[in-house]
There are 2 protein chains.
Amino acid sequence: MRDFTKKLRVLLIDDNANHLRGIKELISLETSYNVVGATRNANLGLSLIKKYRPDIVLMDINMPEKDGLQTIQTINKSGISTNVVILSGYDDSDLIYRAMKLGARGYVLKTMASSKLIDAIETVADGKIYLPSVLTTRFFEYFQNSAREESNIAPGENLLTTLTGRENEVLDLLTQGINYKGIAQQLIISETTVKTHVNNIFQKLQVGDRTNAVLYALTHGFKPSSMQAEKTAA
Amino acid sequence: MRDFTKKLRVLLIDDNANHLRGIKELISLETSYNVVGATRNANLGLSLIKKYRPDIVLMDINMPEKDGLQTIQTINKSGISTNVVILSGYDDSDLIYRAMKLGARGYVLKTMASSKLIDAIETVADGKIYLPSVLTTRFFEYFQNSAREESNIAPGENLLTTLTGRENEVLDLLTQGINYKGIAQQLIISETTVKTHVNNIFQKLQVGDRTNAVLYALTHGFKPSSMQAEKTAA
DNA sequence: AATTATCTAAACCAAAAGATTGAGAAAAAC
DNA sequence: GTTTTTCTCAATCTTTTGGTTTAGATAATT
């Protein structure tokens with residue numbers, strides 16, 4: 001939970017000088033905020049983040065020089081625990097989706113009332129995600145669409161369900177690129193037994209070689225047995 | 001946009017008889033709603049949906065008999081344009097994620113005030129997505145986590161960049177599970193030439209067989225040159 | 001002009017993979 | 001208690017794949 005006795009440290013990144021000044025003024029009006037930096041340059045912004053460790057980074061996503069999306073990723077990959085709130089002129093579904101996917105904690109449209117921006121900062125500072133209702137809908141429609149396309153990978157029946165427990169174990173090792181000898185060693189059975197299993201797998205998956213078996217597995221949601229515990233059978 | 005002159009047709013599915021009665025009473029209090037059905041059985045619910053074509057389906061996701069998630073999917077696959085709002089006792093991240101992924105338009109906790117339920121119905125009926133702030137945060141944290149895991153696919157250097165044009169073409173066919181003979185036919189070159197290319201690919205990708213070459217390609221963002229593929233399995 | 005990278009191809013060998021048949025033992029299902 | 005499934009293993013054979021070397025023909029680079 002946020003510490004209300006300290007001022008929130010905010011950093012601004014926006015390539016438009018007017019916006020930058022405007023937002024800075026707006027935020028400075030709030031006594032509980034402290035603008036630790038404001039820059040028009042994304043790369044400079046990155047070093048300011050490292051230097052000042054702001055609680056919130058308010059960033060314009062539509063910057064011509066550096067790709068805003070890439071900047072979000074860089075910030076979150078740096079390991080610094082700061083919260084990125086996107087400021088954007090566009091309510092483009094794909095843009096919202098990708099920004100959130102890369103770790104943005106909030107997304108605010110420039111056309112929105114300035115009180116919304118304060119709302120967003122408060123919400124995100126409180127550890128929550130801020131997305132206006134309209135953008136939430138946009139996001140989910142995009143999300144559900146791509147989910148539907150992905151699920152089309154396995155439209156009909158899934159032949160993987162016909163595999164036995166042991167066959168699943170063998171297939172698991174096949175998808176790791178291990179050969180007969182290696183599989184035999186790992187499962188502590190003979191190589192010929194592995195061959196038998198593999199041939200049975202081929203028949204069930206209706207393929208003719210291991211490469212196609214692996215491809216079938218990967219494109220039909222095969223779950224590696226790293227999750228399921230099997231009898232260890234000392 | 002919603003037609004406010006007509007009553008909203010709502011269908012309830014909840015295996016708990018008390019909840020079912022309670023929610024029905026609650027909604028009936030609102031004059032703008034019309035409860036067209038209320039059932040404790042998911043399968044029965046599906047046929048009621050086909051029969052009455054409700055605007056909103058309020059469904060409990062925690063049903064012992066039939067899997068609630070599966071029911072959402074069935075509803076949305078049926079092609080009927082109804083909006084599913086999930087009623088759940090749990091704010092489990094994975095559950096929220098999967099429900100929304102399968103096409104739910106709203107998610108309400110049973111512990112929430114009843115006014116929130118009305119809010120949700122109104123919002124969803126208006127074509128928008130309803131997710132309470134807390135659940136939005138839960139959802140996105142789960143979403144961003146899985147996105148981060150996926151992006152770890154290609155962390156270090158990518159050996160794929162060292163491949164020549166022809167080698168890329170060969171690898172492309174390899175990732176389709178095609179053997180030497182098939183590749184030779186498609187590229188109209190001899191089988192031995194294909195072998196040469198494949199061996200060069202192995203050296204560059206530092207693998208010893210085609211299965212591992214394919215696995216390397218798939219896990220390092222290999223972009224197939226042609227998206228058109230016809231035969232699924234040989 | 002000389003070098004380098006790429007694409008092509010052959011020959012040969014070794015190793016691995018795949019196909020088939022048969023069969024015993026244990027567990028699960030009926 | 002019998003039947004079925006699953007897991008195990010062997011032997012044999014064919015096909016495919018992988019490893020290596022060598023080398024000609026272009027095309028691009030220096």
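**Contacts with DNA strand C**

Biologist: How far is the backbone of A:Arg210 from a phosphate oxygen of DNA strand C?

Modeller: In this predicted model, a backbone N or O atom of A:Arg210 is 2.7 Å from one. A polar contact is a pair of N or O atoms within 3.5 Å; within protein, one must be able to donate a hydrogen and the other to accept it, and residues adjacent in sequence count only if both atoms are side-chain atoms.

Biologist: And what about the side chain of B:Thr164?

Modeller: An N or O atom there lies 2.4 Å from a phosphate oxygen of DNA strand C.

Biologist: Which part of the DNA is within 4 Å of the protein, sugar or phosphate, or bases?

Modeller: 70% of those atoms belong to sugar or phosphate, the rest to bases.

Biologist: New topic: how does chain B lie on chain A?

Modeller: A turn of 180 degrees and a shift of 1.2 Å along the axis give an RMSD of 1.6 Å, by least squares on C-alpha atoms of residues with pLDDT of at least 70 in both. The two copies are thus related as by a two-fold rotation axis.

Biologist: What are the ground rules?

Modeller: Residues are numbered from 1 along each chain as written, with chains lettered from A and ligands numbered from 1 in written order. Local features need pLDDT of at least 70, side-chain atom pairs 80 or more, while totals for chains, interfaces and linings use all residues, and side-chain values use heavy atoms, without hydrogens and water.

Key: Near = heavy atom within 4 Å.
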